[in-house]
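Open the structure in your viewer and keep the selection tool ready. The tour goes from one selection to the next.

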Amino acid sequence: MVNQGLEYFRGILIQSLNDLLKKGDETVSLLLESTVDSSDLIDQATLEADWSFRLRMRDRENKLIGKIKQSLSRIDVGSFGICEVCGEEFSINRLKARPVTSNCIACKNKMETMEKAAGV
C-alpha cells in the first residue's frame, strides 16, 4: 500500500482512538460525579441499569482501542492490509469498511464458520 493510503488510514485510526479515549474520560468523570440522592428504589435501579449499560459499552470500546493500537502498529511495521492468516493483501474497500481488520474476507469467513461449528 502506498504511503498516502497508509497516512489516510493512520488519520482515521488516530481520530477514532482519540474519540474513544475522550468518551472513556467522560464516563469516568460522570461516574465520579454521580451520586444517588434519591431514596426511591426505582430511581436507584434506573441509575444502576444506566451505569451498567455505559460500562458495558466502554468495555467494548476498550477492546476496539486495543484493535486500533494493533492496526497502528501494523502500519508502522508495514503489515497493514495484509491478512494475518494467508498473507495476501486485501482490498482498500475492506479497510475502508473496517480499518481495524487483520484478515481478508475469505479467511474471516472461514474463521467464523469454524467458530459456529465449534459452538463459540
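Select α2 (41–77), which gives the most to the lining of the largest pocket, with 3 residues. Helices here are DSSP runs (H or I, at least four residues), numbered from the N terminus. This is a predicted model, in which local features need pLDDT of at least 70 and side-chain atom pairs count only at pLDDT 80 or more, while totals for chains, interfaces and linings use all residues. Residues are numbered from 1 along each chain, and side-chain values use heavy atoms, without hydrogens and water.

By class, the lining has 2 nonpolar, 4 polar and 6 charged residues. Among the lining residues are Lys 67, Gln 70, Arg 74 and Met 111.

Next, select Leu 13, Ile 68, Leu 72, Ile 75 and Phe 80, which touch the most other members of the 16-residue largest nonpolar core. Such a core is a set of buried Ala, Val, Leu, Ile, Met, Phe, Trp, Tyr and Cys residues joined through side-chain atoms within 4.5 Å. α1 (3–33) and α2 each supply at least two of its residues, and α1 gives the most, with 5.

Now pick Phe 80, in the loop between α2 and α3 (92–97). Phe 80 counts as buried because its relative accessibility is 4%, and buried means under 20% relative accessible area (1.4 Å probe, protein chains only). Pro 99 is 19 residues from Phe 80 along the chain, with 9.3 Å between their C-alpha atoms.

Conventions. Buried means under 20% relative accessible area, exposed over 50%, partly exposed in between (1.4 Å probe, protein chains only). On a 1 Å grid over the protein atoms alone, a cavity is a set of points where a 1.4 Å probe fits but cannot get out, and a pocket is an open set with protein on both sides within 12 Å along at least five of seven lines; lining residues have an atom within 4 Å of a point. Ala, Val, Leu, Ile, Met, Phe, Trp, Tyr, Cys and Pro count as nonpolar, Asp, Glu, Lys and Arg as charged, and the others, Gly among them, as polar.
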